[in-house]
Amino acid sequence: MTTNPQRRIDVAGLAIALLLLVLAGVVWWDMTKLQILSPYDLGPKVMPIIVSIGLAVLGLGNAISAFRGDLPERDSLDWKPIILILGGLAILIALISLGWGFMIGTAILFATTSAAFGRRAFVVDLLIGAGLAVFIYLLLGKLLTLSLPAGPLENLF
Amino acid sequence: MEAFFSLASGLSVAIQPMNLLFALIGVLLGTAVGVLPGIGPALTVALLLPITFKLDPAGSIIMFAGIYYGGMYGGSTTAILINTPGESASMATALEGNLMAKAGRGGPALATAAIGSFVAGTIATLGLTFLAPYLVDIAVSFGPEDYFALMCVAFVTVSATFGDSPVRGLTSLFIGLMLGLVGIDILSGQSRLSFGVPELYDNIEVTTLAVGLFAVGEALYVASRRHIVEEKLEPVRGSLWMTKEDWKRSWKPWLRGTLYGFPIGALPAGGAEIPTFLSYSTEKRLTKYPDQFGKGAIEGVAGPEAANNASAAGTLVPLLTLGLPTSATAAMMLAGFQQYGLNPGPLLFAERPDLVWGLIASLFIANAMLLVLNLPLVGLWVRLLAIPQPWLYAGILVFATIGTIAANPSPVELIMLAVFGVLGFLMRRFDFPIAPVVVGLILGPVAESQLRRALSISLGDPMVLLQSPISATLLAIALIALILPFVMKGLGRFKAVED
């Protein structure tokens, strides 16, 4: 992904345009499966038709922008922090799915995000994250009685 | 005069101790998040929605409004002291404000911003008080086709008319509209775009979308650019207070800013960027000290800050009277109403006058609280900026994920949060505006039900949209607003007057 001062075709912009066309197709395909109950109007199909046509037109519009190189210039990208944050989120989701509660995952998410922003004290951050998780659990789970996914750790409280 | 009585009865609701407390929590939270870079009022309301679900509706909505107003105040502090406007509405303030801070006049800059916000907020809230009943009277006569047309106007102005690129703005809007289709269609009971996933049957949660786009998306974006941008905090030096000269130079810009902010916010034109930049360029033209612009002129802070707050109050006019949100924060407030089964609009004024007028009255109180809290406590707010960035964003993500699973205890909801986070990241990277997605998701289903109601009354004849004079006029306005940015390339320049 390099920026180009000369107006060259923007590959990322074309990918966006293509994605919009695919979405338009999906919305249209989904619409064809709907049944019209009232004989007078299009009912549930009206809005999907509008959205699908709109997405298709905008896909073309974005493609034109990409060909003309109208997209704003982009800075260089550091992938490592993105992987760290999304990795932390993935671990949290996996742990909750496995029934381990949210506290361990939350602590890990805190530490990976913190690392993504340049901290180099993973274990300390893990402990801070765990402390924050306990605090939030007591505040939301106990005080405001909201239901949070519980695992072995949460059941201790 | 009817408005006076309504306001008085609203005041009796607003000064109940619990509601005062909610207003106070709201303005404190709002100022804090406004000061902190990376979280704005829209995200804060989104994060609080699941938590406040079990609280009293009036109290929570008063709190949300406090957050909205507080966020506007807090944003100016960050804009002036570190030149990173917390949201686009403070961009104009940052121009002269940061220069003033660098020149050792940070105190007066903060003071003129706070007092100007108070003046503008109070005048604009008065405007809301007297304008709302009239609009409600007009809105009562609206048929479903008129409502649909009105929403088309809002869709176009929010996404296309004033952005950098109408194509990208409309793309954002249609992504939001598409997300609004997901789930079971109430009228026919059929599921759309759900692909057999049970979590998708009951619609995409507004909070999940907003938190994903704003919190996760912002964190990813800032982290990926950390190696490029560097922020520097200007310490507040010297006196906090404005001199007589400062007052003399500030009061006219305050009033002019209000005159830009309130009407533009009240029209469904969306956003505080246009009035703030209009105010900035006006002050630059009218000033008696043109040589000071670009070096830290107080008019350049007073005007845009007033415009900013006045437009926040203005945004509440279409929100309360028509149920029409024109900014991301207003959209989140609408979601706040909806979570209690309340729908802003003429009906709400008739059915729950205590709630509506209590909210409006509490805006006056919130404004006064902000003035009292902000100036003396500015040192305290600034200390919030000392929170290390890694912990700040890590904390935001923790709150974002826990808020999401507290609302919907399912891993699928978290997967959606992550997906919306990536979407938010990509949209920031490729400069697609975020607010239209949220507005599209919230307003899309409402617009659809109005359209279908209109079509079923007319037995499927789409001409009904053009036969009502109100609807035809509004659709013509929407069409003009859609075509205009393509014809006149210059409208986007309101966003970037100074570059």
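## Contacts of B:Phe349

Two residues are in contact here if their C-beta atoms, placed from the backbone, lie within 7 Å. The model is predicted. By that criterion, and leaving aside neighbours within four places in sequence, B:Phe349 is in contact with B:Val136 and B:Val356.

B:Phe349 sits in helix H15 of chain B, which covers residues 346-351. The residue counts as buried because it has 22 C-beta neighbours inside 10 Å, and the cut-off for burial is 20 or more. The C-alpha atom of B:Phe349 is separated by 8.4 Å from that of B:Leu320, a residue 29 positions away along the chain.

## Overall form of chain B

Chain B contains 22 helices and 2 strands. Its radius of gyration is 22 Å, close to the 23 Å that the globule rule gives for 499 residues, so chain B is as compact as a globular protein of that length. The C-alpha trace of chain B spans about 70 × 55 × 50 Å along its principal axes.

Of the 499 residues in chain B, 62% count as buried. Among contacts in chain B with a separation of 6 or more, 80% are accounted for by residues 24 or more positions apart.

## Helix H2 of chain B

Helix H2 of chain B runs over residues 17-35 and has 19 residues. From first C-alpha to last, H2(B) reaches 27 Å, close to the 27 Å expected at 1.5 Å a residue.

Which residues of H2(B) are buried? They are B:Asn19, B:Phe22, B:Ala23, B:Gly26, B:Val27, B:Leu29, B:Gly30, B:Thr31, B:Val33, B:Gly34 and B:Val35. An α-helix has 3.6 residues a turn, so residues three or four places apart point the same way. The cover over the buried residues of H2(B) includes helix H1 (2-14), helix H3 (41-52) and helix H4 (57-82) of chain B. It also includes helix H16 (353-374) and helix H17 (378-384) of chain B.

## Two positive phi angles in chain B

B:Phe195 is not a glycine, yet its phi is positive, at about 50°. B:Phe195 lies in the loop between strand E2 (191-192) and helix H9 (198-201) of chain B. With 9 other C-beta atoms within 10 Å, B:Phe195 is exposed, since the limit for that class is 12 or fewer.

B:Asn203 also has a positive phi, of about 60°, although it is not a glycine. B:Asn203 is placed in the loop between H9 and H10 of chain B. B:Asn203 has 18 C-beta neighbours inside 10 Å and therefore counts as partly exposed.

## Overall form of chain A

Chain A has 5 helices and 0 strands, and its elements run α-α-α-α-α from the N terminus on. The radius of gyration of chain A is 24 Å, whereas a compact globule of 157 residues would have one near 15 Å. Along its principal axes, the C-alpha trace of chain A spans about 55 × 55 × 25 Å. Buried residues make up 37% of the 157 residues in chain A. Residues 24 or more positions apart account for 60% of the contacts in chain A with a separation of 6 or more.

The domain assignment divides chain A into domain 1 (11-68) and domain 2 (79-156). The C-alpha centres of domain 1 and domain 2 of chain A lie 38 Å apart.

## Annotated regions of chain A

An unreviewed UniProt entry carries the annotation "transmembrane region" for residues 12-29, 49-71, 83-110 and 122-140 of chain A. In the model, residues 12-29 of chain A are 100% helix and 0% strand, with end C-alpha atoms 26 Å apart. Residues 49-71 of chain A are 87% helix and 0% strand, and the end C-alpha atoms of that span are 28 Å apart.

## The side of chain B that touches chain A

How many residues of chain B are in contact with chain A? The count is 50 residues of chain B, in contact with 58 residues of chain A. On chain B, helix H8 (166-181), helix H10 (206-224), helix H18 (389-407), helix H19 (411-429) and helix H20 (435-457) each supply at least two residues of the side that touches chain A. The largest share of that side, 12 residues, comes from H18(B).

By class, the side of chain B that touches chain A has 31 nonpolar, 10 polar and 9 charged residues.

Terms used. Residues numbered from 1 in each chain as written. Chains lettered and ligands numbered in written order. Predicted model: local features only at pLDDT ≥ 70, side-chain atom pairs only at ≥ 80, totals over all residues. Helix = DSSP H or I, 4+ residues; strand = E, 2+ residues; numbered from the N terminus. Nonpolar A, V, L, I, M, F, W, Y, C, P; charged D, E, K, R; others polar. UniProt positions renumbered as here; feature names shortened; annotations may be inferred. Domains from an automatic or database assignment. Rg over C-alpha atoms; globule rule 2.2 N^0.38 Å. Expected span 1.5 Å × (residues − 1).
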